[in-house]
Amino acid sequence: MNIVVVNGSPRAIGRTGVLAKQLVDVFNFSLVDLALGELPLYNGEAEQKELDVVKSIRNTLIQADGIVLCTPEYNNAMSGALKNLIELFGSEPFKKKPIALLAVAGGGKGGINALNNARTVVRGVYGNAIPKHLVLDPVDFIENDISVKEDAFTKVTEVIDELKEYVQKEILYKEFLESKSF
Ligand SMILES: Cc1cc2nc3c(=O)[nH]c(=O)nc-3n(C[C@H](O)[C@H](O)[C@H](O)COP(=O)(O)O)c2cc1C
């Protein structure tokens, strides 16, 4: 099962990146890290699609059986960096694919805005955002934001378990279709 995690924070030092990297370390997932600032701002020009970095990240997402989108809540929405990734790649990497949504917020009862916004956007590229989702606040991180606290990570794991369940169903369904070879 190939699951790719996207760190949707553009900040080199950000809690969303801490969460994304912990997921990669614990579950052995692959990482697309928007904090590296490698992706251009979508401008609709065909040449963008030919850039090596665009091709490589697009391919990584296309190959994924499931995707975890980790987004910071910025100004009551998902990050512009993550929205830009979706604008660059369109529906191909997301279509009919199970997608888990995790938000990291500032602790003022935010986060649900980013989740619902991301859910609407994912629907726009025909992704299957799974029902379980989660907001992490600063209190869910160990001091100095080194890692996610154990109890909060247990809740993150429950979201990941649900994602794996949907991914497994999708894999079995594809195998079934192939075995039929209409
Ligand atoms: C530009 C900007 C806008 C933000 N807007 C919100 C917001 O609307 N609601 C909220 O709960 N937190 C907000 N925050 C706080 C972030 O959600 C918080 O820093 C969190 O750790 C996720 O961002 P990070 O991964 O970049 O650290 C904002 C932070 C920045 C930098």
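Ala, Val, Leu, Ile, Met, Phe, Trp, Tyr, Cys and Pro count as nonpolar, Asp, Glu, Lys and Arg as charged, and the others, Gly among them, as polar. The model is predicted: local features need pLDDT of at least 70 and side-chain atom pairs pLDDT 80 or more, while totals for chains, interfaces and linings use all residues. Residues are numbered from 1 along each chain as its sequence is written, and side-chain values use heavy atoms, without hydrogens and water.

**Exercise 1.** Describe the shell around the ligand by class and identify its nearest residues.

*Solution.* 
1. The shell comprises four nonpolar, seven polar and three charged residues.
2. Among the 14 residues around the ligand (a heavy atom within 4 Å), the nearest are Arg 15, Thr 16, Glu 73, Tyr 74 and Asn 75.

**Exercise 2.** Classify Gln 22 as buried or exposed, and list its contacts.

*Solution.* 
1. Gln 22 belongs to helix 1, residues 15–27 (a DSSP run of H or I, at least four residues).
2. Gln 22 is buried because its relative accessibility is 15% (buried: under 20%, 1.4 Å probe, protein chains only).
3. Beyond neighbours within four places in sequence, Gln 22 contacts Ser 147, Val 148 and Phe 153 (heavy atoms within 4.5 Å).
4. The Gln 22 side chain reaches the backbone nitrogen of Val 148 at 2.7 Å.

Terms used: Helix = DSSP H or I, 4+ residues; strand = E, 2+ residues; numbered from the N terminus. Buried < 20%, exposed > 50% of the residue type's maximum accessible area, 1.4 Å probe, protein only. Polar contact = N/O pair within 3.5 Å; in protein donor to acceptor, adjacent residues only side chain to side chain.
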